[in-house]
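Work through the exercises below with the structure open beside you. Try each task before reading its solution.

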Amino acid sequence: MNKKIVIMLAAVVAVVSVILVSILGQIPNFETNILVKEIVIEGYLDENNNLIPCKINANGDKIISLDEIEPDTILVLKVSVNPDNANNPDVRYAIDVTDGSVMVSSQGIVTFNSATRTSAIVTGSAVDGSLVSDRVIITKKPGMDSGDFVGYQHGGIHRCD
């Protein structure tokens with residue numbers, strides 16, 4: 001082979017090698033997709049932004065008990081997502097009521113539109129596809145309505161207060 005051809009081939013191989021190393025030789029910058037591992041409905045915020053935590057019933061369900069549920073009763077749920085650095089920490093909310101008497105917004109604000117509906121189950125699910133969720137049962141505390149009488153005393157009906 002001719003010396004010029006050998007030198008040209010060596011130069012071409014060197015240039016191609018430099019280009020390949022500069023393109024492929026870098027450390028890849030793959031974004032790791034950090035998924036949500038846990039969603040926790042902690043409770044709700046009162047009018048002073050104080051957290052009123054959920055209670056846990058005998059079945060292990062989270063419960064928010066309200067003294068009164070009237071039309072336009074509003075609860076702002078306090079929800080945390082773990083880990084803090086999840087790529088998509090958004091939460092999708094769903095409610096078990098389909099008649100519009102109770103609604104939940106995309107920000108976790110629950111609105112009771114009727115006094116006749118006194119309970120609802122709200123579920124918060126991860127949007128990122130990680131299949132994690134949490135739920136809370138919102139209900140009116142059992143109480144004594146004017147028609148709830150429990151016993152007799154001296155021949156008459158008496159309320160237990």
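Contact here means heavy atoms within 4.5 Å. The model is predicted.

**Exercise 1.** Find which residues T111 touches, not counting residues up to four places away in sequence, and decide whether T111 is buried or exposed.

Solution. 
- Step 1: locate the residue. T111 belongs to strand 8.
- Step 2: list the contacts. Leaving out residues up to four places away in sequence, T111 touches T73, I74, S101, V102 and M103.
- Step 3: apply the cut-off. Buried means under 20% relative accessible area. The relative accessibility of T111 is 19%, so T111 counts as buried.

**Exercise 2.** Describe the open sheet of five strands: what is the strand order, and which are the edge strands?

Solution. 
- Step 1: recall how strands pair. Strands of a sheet pair through backbone hydrogen bonds, either parallel or antiparallel.
- Step 2: read the order. The five strands are arranged 2-1-5-8-7, and the pairing is antiparallel.
- Step 3: find the edges. Strand 2 (51-53) and strand 7 (102-104) each pair on one side only, which makes them the edge strands.
- Step 4: look at one pair. Strand 7 and strand 8 (residues 109-112) run antiparallel and are joined by three bridges. In one of the strand 8 pairings, V110 is the bridge partner of V104.

**Exercise 3.** How many salt bridges does a search of the whole structure find, and which parts does the one between D61 and R135 tie together?

Solution. 
- Step 1: Side chains of opposite charge can pair when their charged atoms come close.
- Step 2: count. The search finds four salt bridges.
- Step 3: take one pair. In the salt bridge of D61 with R135, the closest N and O atoms are 3.7 Å apart. D61 lies in the loop between strand 3 (55-56) and strand 4 (62-66), and R135 in strand 10 (residues 133-140), so the pair ties together parts that are 74 residues apart in sequence.
- Step 4: D61 counts as buried at 19% relative accessibility, whereas R135 is partly exposed at 39%.

**Exercise 4.** Where do the partners of the salt bridge between R117 and D99 lie?

Solution. 
- Step 1: note the distance. The side chains of R117 and D99 meet at 3.3 Å, N to O.
- Step 2: R117 is in the loop between strand 8 and strand 9 (119-126), and D99 is in the loop between strand 6 (91-95) and strand 7, so parts 18 residues apart in sequence are tied together.
- Step 3: R117 is partly exposed at 28%, and D99 counts as exposed at 53%.

Definitions and conventions: Residues numbered from 1 in each chain as written. Predicted model: local features only at pLDDT ≥ 70, side-chain atom pairs only at ≥ 80, totals over all residues. Heavy atoms only, no water. Pairing = 2+ DSSP bridges. Helix = DSSP H or I, 4+ residues; strand = E, 2+ residues; numbered from the N terminus. Buried < 20%, exposed > 50% of the residue type's maximum accessible area, 1.4 Å probe, protein only.
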